[in-house]
Amino acid sequence: MSSRLRPSLPHLWSLRPLGTVAPREMAAKRLEAAPSQAAGPAAPSVALAFEDPSAFRVKSLGELLRALGVFHLCSFPVLVNNCGKLMSVARAILGKRGFSLFLRPSVYAQFVAGEDEREISQSMEKMSSLGLRPMLAVPIEEDLGESTGEKRYDDNMEAMLECVRMSHSNAWSRDPMMQLKITALLSPELCVKLTTLLSQQKYDLDLLVRAMNGEKISFPGLDEKETAHFLCSLRRLNKIAEASSNKVRVLVDAEYTYMNPALSLVAMAMMKKFNRDGAWIWNTYQCYLKESRSLLLEALRLSRSEGFCLGVKLVRGAYMDKERKLAKQEGRADPIHESWENTNDSYNGSLKVMLDAISQNPQRYRIIVATHNEESVRRAAQGMAELGIDKDGGSVCFGQLLGMCDHVSLTLAQEGYAVYKSVPYGSVDDTLPYLVRRAQENRTVLQGIRKERDLLRQELRRRIRLGLRGGS
Ligand SMILES: Cc1cc2nc3c(=O)[nH]c(=O)nc-3n(C[C@H](O)[C@H](O)[C@H](O)COP(=O)(O)OP(=O)(O)OC[C@H]3O[C@@H](n4cnc5c(N)ncnc54)[C@H](O)[C@@H]3O)c2cc1C
């Protein structure tokens, strides 16, 4: 992997309150007990139990043991909370090579597809044979204060173009997707400035489209240097979109609220240019935000008025703790829903909005239900059945992170749904800080992997019994 892939810095790692797990489980039970409001009397019932350990029969013994070991480590909050520091110490003691030798067969192999195309392909071929589809993710992102020169952004663009090529040119490339972090190509400082400007005035999407086409546009509120960088960034994004159009669906990630409006503006302009006949560029909606429903409704309105197809990645959101901390420091209202239950209501409500839109016009709207939450997945599957949306028609698909909640992904794939695994790739050094942050952001999910661990153990016991009986 090229040294272009630079991971996010550890100071972005967030801490999640431990107390969220028990209420989550209770709420999940309450939600399960409540019948879906959308369910009509004659609606077919979808039974997705996610309880069947046979989903893990496809895993090798080594993979079972590795997953159990890694998940066991992830069950110690003290380890997850301090894993960034622990990794730094281990790297200092073991050196680059020793550290890599230690991590490659364990945590890295669990969560990362590989470093070069051969390794990535091996990992993807296996996934493809299990019915899972690729969503490659290049682990580059930046936050305020990390910006570097135009050359770095150009190098990042080359890495993204390589990701586009790999995503569609292999035997495992089935209707591929990839994730794109705009802050790898456009400075976070400018995103913040644009976000401030957008709160005072609207930017016409056509201005951005014309800039993507190479016109020298001057944007209101930006000085000469900022304009030059914005134009270069829009052309970089244009190159990636041109390379991926009709081949790979590009899913723009959502990041922090202090820059999301700028990211959405750019994503919408890309949609306006490239989504005329199909959804090739998608945007992400974080349902932990109080404003997420209105943002989604606005995107639906814009897609109709501007005449483009809308692709939606629906997530709960990964930056809760930092968002809350910042809001408190700045004396602003917390942008995040008060409770996990409210975030769930928000997620399920937005899911329903999208499913209704898709049932009316499946060519125009698409959604990836990007969650590890079984209840949300069940609701989506039930909603699809009730509205007559094809399981594998492409307008609704599911997404989980590589190495997490495989019982959800494999069960869905076995039932014939389109399921993607978000797959980061790169060297140990490039990807680990990124993965550490993912682990910490998703601590509530990781602590909820007890069920996956139980299922893995059941499968291991089954194999031991089988072995003792001589494989009969
Ligand atoms: C394919 C894919 C792409 C992704 N892309 C993005 C992206 O672009 N941007 C991004 O931000 N995230 C992204 N994520 C990460 C995603 O946001 C996390 O995986 C997700 O938040 C974990 O929640 P969950 O839906 O799996 O389920 P759960 O485990 O049910 O929910 C946990 C989530 O609920 C929310 N939550 C927890 N406690 C509270 C509380 N007390 N109050 C309010 N809300 C609470 C938080 O968002 C937390 O992460 C992506 C995930 C996947 C699988």
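This is a predicted model: local features need pLDDT of at least 70, side-chain atom pairs count only at pLDDT 80 or more; totals for chains, interfaces and linings use all residues.
Select residues 177–180 for S2 and 249–252 for S3; the two strands pair in the parallel sense, over four bridges. Pick Met 178 next: it stands opposite Val 250 in S3.

S1 and S2 run parallel and are joined by three bridges.

Which residues of S2 lie on each side? Met 177 and Gln 179 are on one side. Met 178 and Leu 180 are on the other. These four residues are all buried, and both faces of S2 are covered.

Widen the view to the largest nonpolar core. This core has 120 residues. Select Met 178, Val 250, Val 266, Ile 281, Leu 314 and Val 369: these touch the most other members. Nonpolar side chains tend to be buried together in soluble globular proteins.

Zoom in on Leu 314. Leaving aside neighbours within four places in sequence, what is Leu 314 in contact with? The list is Tyr 285, Cys 287, Tyr 347, Ser 350, Leu 351, Met 354, Ile 367, Val 369 and Ala 370. Val 369, one of these contacts, is also among the core residues that touch the most other members.

Next, color helix H10, residues 260–274.

Bring in helix H8, residues 205–212. The axes of H8 and H10 come within 9 Å and cross at roughly 70°. H8 and H10 are therefore roughly perpendicular to each other. On the H8 side, select Leu 205, Leu 208, Val 209 and Met 212. On the H10 side, select Val 266, Met 268, Ala 269, Lys 272 and Lys 273. By class, this contact of H8 with H10 has seven nonpolar, no polar and two charged residues.

Finish with helix H7, residues 188–200. H7 and H10 have axes 7 Å apart and pack at an angle of about 90°. H7 and H10 are therefore roughly perpendicular to each other. From H7, show Cys 191, Leu 194, Thr 195 and Leu 198. From H10, show Pro 261, Ala 262, Leu 263 and Leu 265. The contact of H7 with H10 counts seven nonpolar, one polar and no charged residues.

Definitions and conventions: Residues are numbered from 1 along each chain as its sequence is written. A nonpolar core is a set of buried Ala, Val, Leu, Ile, Met, Phe, Trp, Tyr and Cys residues joined through C-beta atoms within 7 Å. A residue is buried if 20 or more other C-beta atoms lie within 10 Å of its own, exposed if 12 or fewer, and partly exposed in between; C-beta atoms are placed from the backbone. Two residues are in contact if their C-beta atoms, placed from the backbone, lie within 7 Å. Two strands pair if DSSP finds at least two bridges between them. Axes are lines fitted to C-alpha atoms, for helices over the stretch in contact, and angles run from 0 to 180 degrees between N-to-C directions. Angles under 35 degrees count as roughly parallel, over 145 as roughly antiparallel, 65 to 115 as roughly perpendicular and the rest as oblique. Ala, Val, Leu, Ile, Met, Phe, Trp, Tyr, Cys and Pro count as nonpolar, Asp, Glu, Lys and Arg as charged, and the others, Gly among them, as polar.
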